[in-house]
Amino acid sequence: MNISKVDLNLLIYLDVLLREKNVTRAASQLNITQPAMSNGLKRLRTLFNDPILVRTSDGMVPTERARSLSPVIRKILLELEEALQGEEEFNEQNSQRVFRLMASDYAASTLLPGLLKRINQIAPNVTIDIMTPSDVTFHDVEAGKIDMAINRFDELPQSFHQKTVWRDSFSCLLSADNPVVSKFNLNSYLSSKHVWVSKTGFGVGVGMDPKDVQKLGWVDEALARLGKKRDIKVFSRNYHVAMQLAYEDGLIATLPTRAAMLHEHDPNYTILKPPFDIPDIELKMIWSPLLHHDASHIWFRQLVVETANATR
C-alpha cells in the first residue's frame, strides 16, 4: 500500500466508526451526512480489503482486523492532534466556551459551588453544563463529548487521564432528636435503621440486593470485616434525599464528611463520627486524552484543583 495515495481522513472515519459501531451516529459526530459516512466505510473496506463492520443480531460488530487496527489508529490520531495543537493561549475573560461536566450530587454539592463562584469572577462568559452519572458513559468521556467527569470510580480505563481532587472521610448524619444521639456506639448504630446512598462510575443504576455486601460499598464492607451488618431501610442514589430521610424518618445516613458538613450549622441535624473505622474515599476528575493538551481544558483543570485546595 502506498501511503501517499491514502486519504488520511479515512483514518478519522475508521476511528469514529469503531467507537460508535453505527454509521448514523458516526456521521453525526463528524458532522457529515450519512451517505458520506457510508461511502467512507465502503472506501475503508476497499483500502483494507476487509468488511471492517459486520451486521449481526447485536448490531454492527467490528471484524478481527478492525479490532486490531483500532488502538493503532487511535494512537496515531492522538499523536497527530497533539503535534498540531500548538501553544495557543486561552483567554478566559472573553471566552464563551461551554464546559460539560459529569458530577455526582456529592461532587456537585461540595465542589461545584466554589468552582462556579471562581468562574463568575474570572471568566464571566464561560458556561457550565452539569450532567449526572446516568447521563454519561465511559465512551462519552473517551470521545471528548464530556470535558470532565468528577466522581468516585471503582475502575477506570487506562487511557483516561485522572487526578485526585481530594480524599474524604465518612460521617454519620442524624436528626438532632434521634434518641441514639445521646448514646452513639456500634450497638446503637446497628440497632438503628439506615439509608444507603452511593453512585459511582457511569451509567444507569441497577437495583440493590441487601445481601450483596461487595456491591454495597465502603460502609458495609467495613462492617462486614467486623462480622456485622446494618439494617438498611432505604436505598438511594441521591445524597440530598438521604439527608432528608435522616431528618424526616429518623434514619442514619453514613456518607462522606464533606456532604454531611453541608448541614453543619443546621440545628435539625447532628453530625457524629462513625463508631467503626471506614476507609477514606477519593474524589477524582477524569478526562479524555483528546482534550489533554487543549489550552482551555488545561485552564479548567487547574481551576478545579485550585478550588478543591481552597475548600479544604
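Tutor: A residue is called buried here when its relative accessible area is under 20%, and exposed when that area is over 50%. The model is predicted.

Student: Which residues of helix α10 are buried?

Tutor: Helix α10 covers residues 218–225. Residues in an α-helix that sit three or four places apart point the same way, because there are 3.6 residues a turn. By the under-20% cut-off, the buried residues of α10 are V219, D220, A222 and L223.

Student: Which helix supplies the largest share of the lining of the largest cavity?

Tutor: The structure has one cavity of 30 Å³ or more, and the space in the largest cavity is about 90 Å³. It is lined by 14 residues, and those closest to its centre are F170, V197, S198, L216 and V219. Elements that each give at least two lining residues are β8 (193–197), α10 and β10. The largest share is three residues, and these come from α10.

Student: Is T254 buried or exposed?

Tutor: T254 is in strand β10, which runs over residues 252–256. Its relative accessible area is 3%. That value is under the 20% cut-off, so T254 is buried.

Student: With which side chain does the side chain of T254 make a polar contact?

Tutor: Setting aside residues up to four places away in sequence, T254 touches F170, S171, C172, Y189, V195, V197, V219, R230 and I278. The polar contact between side chains has a distance of 2.8 Å. The partner of T254 in it is Y189.

Student: How many residues apart are D147 and R97, which form a salt bridge?

Tutor: The closest N and O atoms of D147 and R97 are 2.9 Å apart. D147 is in the loop between α7 (138–142) and β5 (148–151), and R97 is in the loop between α4 (64–85) and β3 (98–103). D147 is buried, at a relative accessible area of 5%. The pair links distant parts of the chain, and the separation in residues is 50.

Student: Which residue forms a salt bridge with D129?

Tutor: D129 belongs to strand β4 (residues 127–131), and its partner belongs to strand β3, 29 residues apart. The closest N and O atoms are 3.4 Å apart, and the partner is R100.

Student: Which helices each supply at least two residues of the lining of the second largest pocket?

Tutor: About 270 Å³ of space lies in this pocket. Its lining includes D15, R19 and R74, which also belong to the salt-bridge network. I12, V16, Q29, L30 and L77 are also among the lining residues. The helices that each give at least two are α1 (9–20), α2 (23–30) and α4.

Student: Which residues does E20 contact, leaving aside neighbours within four places in sequence?

Tutor: E20 is in helix α1. At 5% relative accessibility, E20 is buried. Its contacts are R25, A26, Q29, H139 and K145.

Student: What percentage of the contacts with a separation of 6 or more is between residues 24 or more positions apart?

Tutor: The protein has 13 helices and 12 strands, and its C-alpha trace spans about 80 × 50 × 30 Å along the principal axes. Of its 312 residues, 46% are buried. For contacts with a separation of 6 or more, the share from residues 24 or more positions apart is 75%.

Conventions. Residues are numbered from 1 along each chain as its sequence is written. This is a predicted model: local features need pLDDT of at least 70, side-chain atom pairs count only at pLDDT 80 or more; totals for chains, interfaces and linings use all residues. Side-chain values use heavy atoms; hydrogens and water are left out. Helices (H or I, at least four residues) and strands (E, at least two) are DSSP runs, numbered from the N terminus. Buried means under 20% relative accessible area, exposed over 50%, partly exposed in between (1.4 Å probe, protein chains only). A polar contact is a pair of N or O atoms within 3.5 Å; within protein, one must be able to donate a hydrogen and the other to accept it, and residues adjacent in sequence count only if both atoms are side-chain atoms. Contact means heavy atoms within 4.5 Å. A salt bridge is a side-chain nitrogen of Lys or Arg within 4 Å of a carboxyl oxygen of Asp or Glu. On a 1 Å grid over the protein atoms alone, a cavity is a set of points where a 1.4 Å probe fits but cannot get out, and a pocket is an open set with protein on both sides within 12 Å along at least five of seven lines; lining residues have an atom within 4 Å of a point. Grid points are joined across faces, edges and corners, and a volume is the space filled by probe spheres set on the points.
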